[in-house]
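Visitor: I am new to this structure and would be grateful for a close look at a single part of it.

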Amino acid sequence: MAETRAWKLLLPRQLRHLPADLAGVIGVVILTNLAALLPVVSDTPVRIIVGLVFVLFIPGYAFIAALFPEAGSGPNADDETVANHEADGIDGIERTALSFGLSIALVPLVGLVLNFTPWGIRLLPILVSLSGLTLVLTAVAAVRRWALPADERFRVPYRAWLSAGRAELFSPASRTDAALNVLLVLSILLAAASVGYAVTVPKDGERFSEFYLLTEDEDGELVADGYPTEFQQGDSRSLIVGIGNQEHERTEYTVIAELQRVERVGNETRVRERSELRRFQPTLGHNETWHRQHEVTPRMTGDRLRLQYLLYRGSPPETVDQSTAYREVHLWVNVTG
């Protein structure tokens, strides 16, 4: 016991007197950042479980703790026996429900703000923003609680809950209560096992491959905009070809780039002349992304030529066209002599 107290003395005074529920909020923030960023943990179900707890509950709880530092009474309490500060506060059930609701409201708002910043909606900016917001709200909640008299501050009655739960589980009033307790424990274990199995052994979702074209902007960022459409015969313009493997298995691909002269006959587009520019044959594991720069050097001239990229899983068939391809993307370009 003495060693525990000596260890606590190493902490700043504010942390030593931090309410237990707010210390738990800080602990979840730290645990979430570790689970999301540490290479050993980030690819395990722990990241999903901790992340869901953090996103769905913690920011809202910190906000409610900052708004309502005082203890509150339940809705069934006698108005005559409730102190003034308790009448102004909220009880534990209301606090929990509002925490879920506010978290669901705050997280999208943070994402909306990030969407209009240079950092965008990515893992690290989201972690930093939500963690910073939660820690600031926790600090405000701690300061507001310390400003109240000790008997008016909100406290989570951990010991009362543990005593009541121990008495209910191990000292039931009747055999019926004992049977219900056993059924409750088994139900909780079954629910926890079901959730754990669903997280650790997820079903394979839809199998597909992403196929797209990108360009580099002035800052060197890859964007789906500003595609070159005006070419000179023999001059090169750069495009980035991209593939994302969501097939849930290692997949071999073939990409064929062609420049085509086409004509419209009724509702059908017919290829009158074609020139193959390049072939790529990458192999990707599940959830891997592949980018390759392609210097397009057209030899054919004309207006409204089709620069087409065809994607095949495995080797392409003898007939290479849009009808046999797995995915297809194209640009309409003009090439002058």
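Visitor: Does E276 count as buried, partly exposed or exposed, and at what relative accessibility?

Guide: E276 counts as partly exposed because its relative accessibility is 39%; a residue is called buried under 20% relative accessible area, exposed over 50% and partly exposed in between, with a 1.4 Å probe and protein chains only. This is a predicted model, in which local features need pLDDT of at least 70 and side-chain atom pairs count only at pLDDT 80 or more, while totals for chains, interfaces and linings use all residues. Residues are numbered from 1 along each chain as its sequence is written, and side-chain values use heavy atoms, with hydrogens and water left out.

E276 forms a salt bridge with R279, and their closest N and O atoms are 2.7 Å apart. The term salt bridge denotes a side-chain nitrogen of Lys or Arg within 4 Å of a carboxyl oxygen of Asp or Glu. In general, side chains of opposite charge can pair when their charged atoms come close.

S275 is found in strand 6, which covers residues 268-280. Strands (E, at least two residues) and helices (H or I, at least four) are DSSP runs numbered from the N terminus. S275 counts as buried because its relative accessibility is 17%. Apart from neighbours within four places in sequence, S275 is in contact (heavy atoms within 4.5 Å) with A257, E258, L259 and M300.

R261 pairs with E273, and the closest N and O atoms are 3.2 Å apart. R261 lies in strand 5 and E273 in strand 6, so this pair ties together parts that are 12 residues apart in sequence. Both ends are partly exposed: R261 has a relative accessible area of 28%, and E273 a relative accessibility of 38%.

The count of salt bridges in the model comes to 7. One of them joins R313 to E247, the closest N and O atoms being 3.4 Å apart. Since R313 lies in strand 9 and E247 in the loop between strand 4 and strand 5, the pair ties together parts that are 66 residues apart in sequence. Here the two ends may be set side by side: R313 counts as partly exposed at 46% relative accessibility, whereas E247 counts as buried at 3%.

Of its 337 residues, 31% are buried. Among contacts with a separation of 6 or more, 69% are between residues 24 or more positions apart.
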